[in-house]
Amino acid sequence: MEDEINGAVPCSSLAVDSILRVGTAGAIWGLCMGPYDARKQGLSGVARASFVAKAVGEFGFQYGLVAGIYMITRCGIQRYRRQNDWVNGLVAGALAGAVFAARTRSWTQVIGMAGLVSVFSAAADYSRTS
């Protein structure tokens, strides 16, 4: 079923769908964490509302970006290789994990996150295709 859907739907459409879904989840997460972090920093009033709005935007953008990179990479590799297996998720997860950790500017964290996301993505793809 998934092969039929991925073969008929362009990778860009799958990426946009992922960006919207995961970006929305990130925005909701920012809406939950923003007030908590603002309270920890002692913010109130307009400063608190501004902090929460910024958190919503940052989390939504960051999560959506990672989801889009993962999906467009996975779909592109799947189409190039003409195989739907765990290798697609492994490579796409490594790239998405590296992008997610790139803000830290620490090679150790970038490599660690790339490996972690890569393994989880490959495991998810393996369980889906087996």
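Biologist: What makes H4 roughly antiparallel to H5?

Modeller: The axes of helix H4 (residues 86-101) and helix H5 (residues 107-129) cross at roughly 150 degrees and come within 6 Å. Axes here are lines fitted to C-alpha atoms, for helices over the stretch in contact, with angles running from 0 to 180 degrees between N-to-C directions. Angles over 145 degrees count as roughly antiparallel, under 35 as roughly parallel, 65 to 115 as roughly perpendicular and the rest as oblique. So H4 is roughly antiparallel to H5. Bear in mind that this is a predicted model, where local features need pLDDT of at least 70, side-chain atom pairs count only at pLDDT 80 or more, and totals for chains, interfaces and linings use all residues. Residues are numbered from 1 along each chain as its sequence is written, and side-chain values use heavy atoms, leaving out hydrogens and water.

Biologist: Which hand does the crossing of H4 and H5 have?

Modeller: H4 passes H5 in a right-handed crossing. Right-handed is the term if the near helix is turned clockwise from the far one by less than a right angle, and left-handed if anticlockwise.

Biologist: Which residues of H4 and H5 meet?

Modeller: Contact means heavy atoms within 4.5 Å. Those in H4 include Trp86, Gly89, Gly93, Gly97 and Phe100, while Met113, Val117, Ser121 and Tyr126 are among those in H5. By class, the contact has 12 nonpolar, 7 polar and 1 charged residues. Ala, Val, Leu, Ile, Met, Phe, Trp, Tyr, Cys and Pro count as nonpolar, Asp, Glu, Lys and Arg as charged, and the others, Gly among them, as polar.

Biologist: Where does UniProt place the feature "transmembrane region"?

Modeller: The unreviewed UniProt entry puts it at residues 86-104 and 110-127. Such annotations may be inferred rather than shown by experiment. In the model, residues 86-104 are 84% helix and 0% strand, with end C-alpha atoms 28 Å apart. Residues 110-127 are 100% helix and 0% strand, and their end C-alpha atoms lie 26 Å apart.

Biologist: How do you know that the span of H3 agrees with its number of residues?

Modeller: The expected span is 1.5 Å times one less than the number of residues. For the 36 residues of H3 (residues 46-81) that should give 52 Å, and the end C-alpha atoms are 52 Å apart, so the two agree. Just after H3, Arg82 takes a positive phi of about 60 degrees.

Biologist: What makes H3 roughly antiparallel to H4?

Modeller: The H3 and H4 axes cross at roughly 150 degrees and come within 8 Å. That angle makes H3 roughly antiparallel to H4, and their crossing is right-handed. Tyr63, Ile69 and Arg74 are among the H3 residues that meet H4, whose side includes Val91, Leu95 and Val99. The contact has 13 nonpolar, 6 polar and 2 charged residues.

Biologist: And what about H2 and H3?

Modeller: The axes of helix H2 (residues 11-40) and H3 come within 6 Å and cross at roughly 150 degrees. That makes H2 roughly antiparallel to H3. This crossing is right-handed, and the contact divides into 20 nonpolar, 10 polar and 4 charged residues.

How values were computed
Helix = DSSP H or I, 4+ residues; strand = E, 2+ residues; numbered from the N terminus.
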